[in-house]
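Hello,

I am handing over the structure below. Please look through it before you read my notes.

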Amino acid sequence: MQGDAFLKCIDPDCGMEYPIESTNVQCEKGHLLDVKYKHTPSENLKEVFYDRRNSQGNIFNESGVWRFRELLNFCQVDTENIEECSKFLVSLDGAEGRLSKPYHMGKASEFVGISNDNLWLQPEGYNPSGSFKDNGMATAVTHAKMVGAKKIVCASTGNTSASAGMFAANEGINCDVYIPAGQIAPGKLSQAYQFGAQILEIDGNFDDALKQSLDDAQNHDGYTVNSVNPFRIEGQKTIPFRALEYLNWEAPDWIVYPGGALGNTSSCGKALMELYEWGWIKKIPRIAVINSEGASTLSDLYNGKFEGEELRWNKGKPNTELITRYYDDLDAKGIRPKTKATAIQIGRPANILKGLRALEFTNGVATTVSDSEMLDGMSVVGLNGFDCEMASGASVVGVKKLMSEGVIKKDDTVVGILTGRQKDAMLPVDYHHDPSNKFAKPPKN
Ligand SMILES: [Zn+2]
């Protein structure tokens with residue numbers, strides 16, 4: 001299978017290609033890249049994936065990411081040869097994605113107002129570092145290892161740094177985490193510290209920290225593991241793969257994600273494009289992206305709330321100048337993204353173009369929810385015995401909102417992704433101390 005995988009620019013008019021060993025995250029003209037495969041995987045693999053759920057001691061079968069390794073085989077390994085897999089594929093002993101699958105959660109369905117049979121929620125917080133990032137980090141660090149990188153780098157204030165730090169420590173490589181100086185509560189980085197990552201404080205804001213980390217990667221032998229890295233997107237495809245497999249590859253009507261940097265939206269879109277092209281699914285689920293009201297770039301632009309134009313992928317010719325003007329306008333007005341759901345507190349989603357492509361392919365929608373709504377969503381998930389972070393609450397209340405608007409119909413089947421587990425201990429404590437909150441159970445004395 002050598003020569004099967006390569007990188008290709010997402011802009012259809014450009015389409016520059018690079019060898020799979022390339023560490024570019026952009027083409028020469030600054031467009032994002034996709035990992036592409038020349039061959040069409042056999043549909044018989046559905047059975048292989050199912051059989052691997054009985055892992056027989058093989059960690060690459062146990063892994064919820066590498067169980068689907070034929071669909072992300074950019075290393076071009078012999079996927080049935082465990083020695084070869086062990087040499088190339090990076091895994092936290094098979095734990096990434098292992099506990100992730102969709103569940104019915106009765107109290108959440110009742111709150112949303114949908115039949116319990118029609119709503120599935122898939123917790124990604126049970127990944128080893130506590131969020132969905134481990135799906136994509138397994139593949140990104142695999143590629144880092146494949147190209148001989150000695151150090152991975154990212155800009156992050158939370159989940160990405162935790163995941164990168166954990167994988168780096170496991171692989172015995174270095175990890176640099178760039179953050180804006182003085183703006184991040186040290187507690188948010190506690191996992192990165194714990195895993196021995198080197199924190200670098202940069203004067204400026206988060207965008208400056210990201211710029212510096214990309215520069216470090218380019219000029220100082222670092223390897224970028226933020227979601228602009230196309231190999232991150234490959235691993236995150238397994239989130240919808242696991243959901244679809246659980247539903248016997250019968251596509252739901254909707255897949256719902258909280259919207260931050262839009263890496264998840266992008267990877268879900270790419271997964272669905274590939275599965276549909278191969279004939280593995282007959283129907284294309286619609287993607288719904290739920291922004292926070294305080295960090296609503298995608299929703300604003302997609303819904304025509306800036307200059308009255310509805311931003312679209314437009315078959316590969318998106319109006320990127322509209323995006324630039326939107327960012328300039330935010331800067332001019334001094335508007336910074338602001339939400340307590342820090343995982344999606346992102347004003348400039350790095351994957352916005354891939355996200356738009358995903359929405360166009362799936363006839364998707366974007367909307368916003370408030371912080372207090374997200375806290376309700378987070379809390380009702382907890383009442384079912386599942387743990388999730390505040391940003392994940394957006395998936396639950398996003399479905400509720402879209403149902404109230406008639407966008408999601410009562411008999412639609414919906415899969416909502418719960419992106420991470422609770423890492424901010426005080427959020428539930430504060431929520432439950434305030435009796436005016438919908439699900440609050442204040443302490444008694
Ligand atoms: Zn290009």
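Here are the notes on a sheet, a helix pair and a pocket.

This is a predicted model: local features need pLDDT of at least 70, side-chain atom pairs count only at pLDDT 80 or more, and totals for chains, interfaces and linings use all residues. Residues are numbered from 1 along each chain as its sequence is written, and side-chain values use heavy atoms, without hydrogens and water.

Sheet. Three strands form an open sheet, ordered β2-β1-β3, with antiparallel pairing. (Strands are DSSP E runs of at least two residues, helices H or I runs of at least four, both numbered from the N terminus; strands pair if DSSP finds at least two bridges between them.) β2 (17-19) and β3 (33-37) are the edge strands. β1 (residues 5-9) is joined to β3 by 5 bridges. One of the bridge pairs is L7 with V35.

Helix pair. The axes of α15 (residues 371-382) and α17 (residues 426-433) come within 11 Å and cross at roughly 100°. (Axes are fitted to C-alpha atoms over the stretch in contact; angles run from 0 to 180 degrees between N-to-C directions.) The two helices are therefore roughly perpendicular (65 to 115 degrees). L375, D376, M378 and S379 in α15 meet L427, P428, Y431 and H432 in α17 (contact: heavy atoms within 4.5 Å).

Pocket. The second largest pocket is lined by 44 residues. (On a 1 Å grid over the protein atoms alone, a pocket is an open set of points where a 1.4 Å probe fits, with protein on both sides within 12 Å along at least five of seven lines; lining residues have an atom within 4 Å of a point.) V25, Q26, L32, L214 and V228 lie nearest its centre. α8 gives the most to this lining, with 7 residues.

Best wishes

Methods: Angles under 35 degrees count as roughly parallel, over 145 as roughly antiparallel, 65 to 115 as roughly perpendicular and the rest as oblique.
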